[in-house]
Amino acid sequence: MTENIRNFCIIAHVDHGKSTLADRLLQVTGTLSDREMTEQVLDSMDLEREKGVTIKASAVRMNYAAPGGQAYELNLIDTPGHVDFGYEVSRALNACEGALLVVDATQGIEAQTLANLYSALEADLEIIPVINKIDLPSARPDEVAEDIVSLLGGQPDKIIRISAKAGLNVEAVLQAIVQKVPPPKGVDDVPLRALVFDSHYDSYKGVIAYVRVVEGKINAGETLRMMATGFSIKPVEIGIFAPTMKPVKTLNAGEVGYVATGLKTVQECRVGDTLTQAAKAAPDPLPGYRQPKPMVFAGIYPVDADDYSDLRDALEKLQLNDASLVYQPETSQAIGFGFRAGFLGLFHMEIIQERIEREYDLDVLFTAPSVEYEVVLHDGTTVLIDSPAELPDEGLIAEIREPWMNIEIFTPTDYYGPIMDLTTKRRAEFKGQEYPAPHRVQLNYTIPLSELIVDFFDELKSRTKGYASLDYQFAEYRPDALVKLEILVNNEPVDALATIVHKKDAYHKGQSLITKLKGIIPRQLFDVAIQAYADGRVISRANVKALRKDVLAKCYGGDITRKKKLLEKQKRGKRRLKMVGNVEIPQEAFMAVLKLEEE
Amino acid sequence: MTNLQSPLSIYFHIPFCRHRCAYCDFNTYAGQEAAIPAYVDALIREIEFLGQTIRPSDHPTTRLPDHQTIRLSDHSTIKTIFFGGGTPSLLSPAQFERIFSALAAHFPLDDPETTIEANPGTVSLDYLREIRSLGVNRISFGVQSAHPDELRMLEREHDFFDVIEAVTWARRAGFENLSLDLIYGLPEQPLDRWQATVKRAVDLSPEHLSLYALTLEHGTPFGRWSARGLLPTPDPDLAAEMYEWADSFLGQNGFVQYEISNWARAKDESRKPVPSAVEGMKDENMKIETFHPSSFILHPSTACRHNLQYWRNLPYLGLGAGAHGYAGGTRYSNVLRIKTYIERLTNHQLPITSHQFPLTPATVNSHRNTPREDMQETMMTGLRLTREGVPDAGFRQRYGLSIAEAFPQEVDELLKLGLVEWVDLSPLRPPSLVGKGGWGDRLRLTPRARLVANQVFMRFV
């Protein structure tokens with residue numbers, strides 16, 4: 001039965017052309033007609049298209065008639081392309097038997113190429129390397145082929161070379177999938193085990209679980225159970241993606257499809273969970289499930305306090321589709337009512353911010369991101385805090401521990417120096433280096449996550465002309481000499497501007513933050529004093545002098561309308577400022593701590 | 001039927017210049033002087049057009065349906081006429097004469113204050129004598145600076161000798177109401193240079209001075225140079241200092257500030273220190289003008305009455321290319337380009353019934369204000385009048401509610417910030433009653449608010 005099924009995914013570094021290749025495969029197999037073909041079908045959100053990355057995995061079934069006349073069912077499982085979504089990637093890989101490893105002929109192998117390749121090998125997938133973008137003038141396919149061979153073995157001239165964009169040699173990719181990817185192995189006549197590798201919320205059918213039937217089969221109408229969360233499911237329908245949802249009677253072992261669960265939130269149907277039959281449950285779930293753990297935290301506040309309930313609605317709706325977004329109400333003394341939200345990483349946070357602003361049209365203020373600290377008190381208790389404002393009184397603290405990450409930086413050897421310099425500044429510890437390809441080095445470090453989320457990626461890119469790439473995983477919690485750096489505006493501490501920093505950095509970070517804020521806080525009707533305070537003393541202070549001149553000059557020939565428009569514009573600008581006490585502070589001020597590197 | 005209950009003003013825009021100054025973003029064009037005769041014809045047609053839709057109340061017949069006719073009340077005579085530009089002094093005396101006779105034929109003129117803007121260096125004694133005899137009684141010279149290098153930077157084509165000459169001739173021609181425009185806050189301009197400009201201007205004994213801070217406008221050469229980093233941005237704090245110095249200097253020299261950028265001199269009292277606001281009531285040089293029984297206005301008699309019309313948010317007709325008008329509750333503006341303006345007025349037959357007062361065939365934008373918008377604009381413009389402010393009684397008469405009722409939070413907040421104050425210019429009122437809804441109450445900027453007045457205006461829009 002499963003002989004003619006091929007389940008595969010595409011793995012690639014961001015921008016190496018994964019989505020374009022997926023489009024092309026859909027087109028060549030006739031899954032979508034040219035007319036139906038919109039660019040990058042699999043990335044359905046605008047934001048993804050703009051950022052050029054895939055956020056949500058998708059699955060699509062293609063029917064392919066191989067040159068011998070044999071018909072195949074190809075299931076393409078799209079994987080998220082960003083480092084924040086490593087766990088989701090690993091689940092999607094587990095739903096496949098093979099992977100296309102797409103490498104940009106101009107860029108070569110990069111950190112995520114490697115990270116994803118290792119994950120794919122770990123999931124025991126058959127790897128089919130593909131060199132893409134060979135039509136570009138700067139393409140160097142031979143060199144890239146050598147690099148791939150040194151990683152995977154094989155012969156350089158056997159590696160498929162394509163241009164997905166130009167539709168060049170795409171047929172060869174399909175043939176390789178059929179020839180090299182093994183058919184799925186599972187058998188139908190055992191208790192059901194189906195891997196949930198993605199989900200999304202549909203307002204009519206509830207949560208749609210994307211599943212790969214590993215063994216057994218799913219029959220329409222059968223009651224199912226989520227093995228990790230324990231929820232019972234009476235599916236509304238089951239089906240396949242062809243490429244839109246199409247109901248079927250049965251999903252057999254080896255097949256990829258969906259289960260419309262009727263569940264209300266994606267939290268009840270988590271990625272990595274195992275579906276089984278309620279009546280005849282499998283004894284053990286599939287291995288590898290874990291609950292995604294938020295790593296980065298930030299306050300989200302409405303700029304206009306009246307928008308609070310709209311912001312809550314927006315977060316609720318976003319969470320319907322995003323099990324890794326967590327939030328709870330938070331109150332800032334300085335900026336009022338809002339939420340504390342947890343994200344998988346900084347990139348995940350950026351996406352949420354943009355979606356709130358764009359899809360829900362809300363002006364929101366994100367405070368500088370923080371990590372979760374373990375604070376050990378003198379009385380022996382440990383508290384977890386994810387916001388600097390929550391840090392207990394200094395006198396009570398025995399020790400502060402912070403999360404450290406393992407990072408792998410993959411770079412041309414030329415940039416060794418600048419990277420060493422950056423990592424030293426960021427308290428990273430060097431672990432070792434590897435040379436997985438000629439002229440390329442992989443540098444391994446451990447680094448505090450708090451240093452990683454503060455502009456590290458942008459810095460890395462700018463120091464290496466964009467060549468270096470990065471992958472990271474959680475390592476451990478470690479104690480260090482950490483202090484709270486507070487900002488006082490007109491002698492009042494502004495909780496939302498507080499950060500936790502290493503003691504040795506407090507002085508220069510305090511100074512550069514004050515310099516930064518002095519430039520950001522607009523002049524007001526009175527002098528505004530700003531001070532940085534840490535470790536029991538004022539580190540730095542500055543004065544934003546009172547506004548002296550802000551008046552429209554002459555009114556040209558009685559053109560009141562134009563003056564009024566200018567005033568209205570000025571008023572709108574003022575509304576975007578956040579009142580902290582009687583001082584108006586722009587949103588950028590709350591992110592200023594992220595940009596201290598430039599000083 | 002709409003009744004206008006206040007005097008009406010008329011603005012003429014003359015969009016011609018010999019040379020475009022580098023900082024100017026007004027609607028004006030260099031090198032099109034050949035179109036002036038046709039432009040004057042078009043202005044006259046626009047006057048005639050408005051004449052068809054506006055009739056004195058005692059006029060027995062109207063040729064238009066009643067709803068399109070504006071009946072002027074007794075107060076609705078034309079009290080000010082202003083020729084702005086551009087360079088109005090590029091029009092010949094004969095051209096002015098034609099405009100004035102058309103005006104007299106169509107509008108009830110009541111000894112109007114008639115101003116022209118002029119560039120020193122473009123006028124002669126004969127020219128000034130001729131236009132004075134035609135009824136122009138106020139002249140405003142764009143002096144800008146007393147320093148040749150600053151004038152060169154601004155791309156003005158005159159020097160200060162031209163200014164002295166122009167002022168002398170204007171006096172000899174019989175102009176008793178003379179105004180000079182000065183610009184401060186130029187890139188890299190030090191305080192003492194500005195002080196020298198103000199002193200030299202005051203030495204010419206004008207009746208009126210307008211001091212404008214340079215603004216780098218988008219779309220001007222200055223704006224572009226500044227964006228490219230070729231022109232240093234003027235320091236706003238220094239500009240504030242210049243303003244404050246000028247304010248105090250002018251005060252010592254007999255000038256009264258009546259608007260954020262405008263100062264007027266009490267007549268024949270040029271060197272006498274100015275009395276305080278309340279004492280001013282007793283000063284015979286100060287004029288009390290009543291335009292409505294419930295309100296009164298206090299200002300030096302040399303204040304520009306045309307500008308007062310704008311700031312009091314009272315009606316004015318705007319004629320010419322790019323002119324703006326406000327009448328019958330409608331704000332409108334004319335087409336910008338000279339050629340189009342001329343075409344629109346030439347190709348069209350009088351009378352046209354599809355246009356409703358105050359709109360003409362040249363109108364391209366019009367907006368009928370809601371009462372709320374009108375209130376906002378009354379505050380935004382009226383608060384520019386630093387002595388007069390916005391009279392509460394007049395506001396109530398106009399909108400049926402007091403300022404504090406219309407803008408409770410705004411007024412409250414601004415009082416707390418010390419940016420506005422309630423005053424009563426009547427010496428008879430005990431101070432304890434001021435601001436309690438009395439007859440003479442007016443809301444105005446506090447002295448410190450003059451330089452940050454946008455922070456005040458913004459709250460009313």
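This is a predicted model: local features need pLDDT of at least 70, side-chain atom pairs count only at pLDDT 80 or more; totals for chains, interfaces and linings use all residues.
Helix α8 (residues 346–359) of chain A lies across β17, β19 and β20 of chain A, and runs at about 170 degrees to β20(A). These strands belong to an open sheet of 4 strands in chain A, ordered β18-β19-β17-β20 with antiparallel pairing. Its edge strands are β18 (326–332) and β20 (364–366), each pairing on one side only. From one strand to the next, the twist averages 30 degrees.

Strands β17 (residues 296–302) and β19 (residues 336–343) of chain A are joined in the antiparallel sense over 5 bridges. A:V296 has A:F343 in β19(A) as its bridge partner.

## Other salt bridges

A:E330 and A:R340 form a salt bridge whose closest N and O atoms are 3.6 Å apart. The pair connects strand β18 with strand β19 of chain A across 10 residues. Both A:E330 and A:R340 are buried.

In chain B, B:R98 and B:D41 meet in a salt bridge at 2.9 Å, N to O. B:R98 lies in helix α2 (residues 93–106) and B:D41 in helix α1 (residues 36–53), 57 residues apart. B:R98 is partly exposed at 40% relative accessibility, and B:D41 is partly exposed at 36%.

A network of salt bridges links A:E402, A:R427, A:E451 and A:D480. Over all chains, the count comes to 47 salt bridges.

Note on methods. Residues are numbered from 1 along each chain as its sequence is written. Chains are lettered from A and ligands numbered from 1 in the order in which they are written. Side-chain values use heavy atoms; hydrogens and water are left out. Two strands pair if DSSP finds at least two bridges between them. Helices (H or I, at least four residues) and strands (E, at least two) are DSSP runs, numbered from the N terminus. Axes are lines fitted to C-alpha atoms, for helices over the stretch in contact, and angles run from 0 to 180 degrees between N-to-C directions. Contact means heavy atoms within 4.5 Å. A salt bridge is a side-chain nitrogen of Lys or Arg within 4 Å of a carboxyl oxygen of Asp or Glu. Buried means under 20% relative accessible area, exposed over 50%, partly exposed in between (1.4 Å probe, protein chains only).
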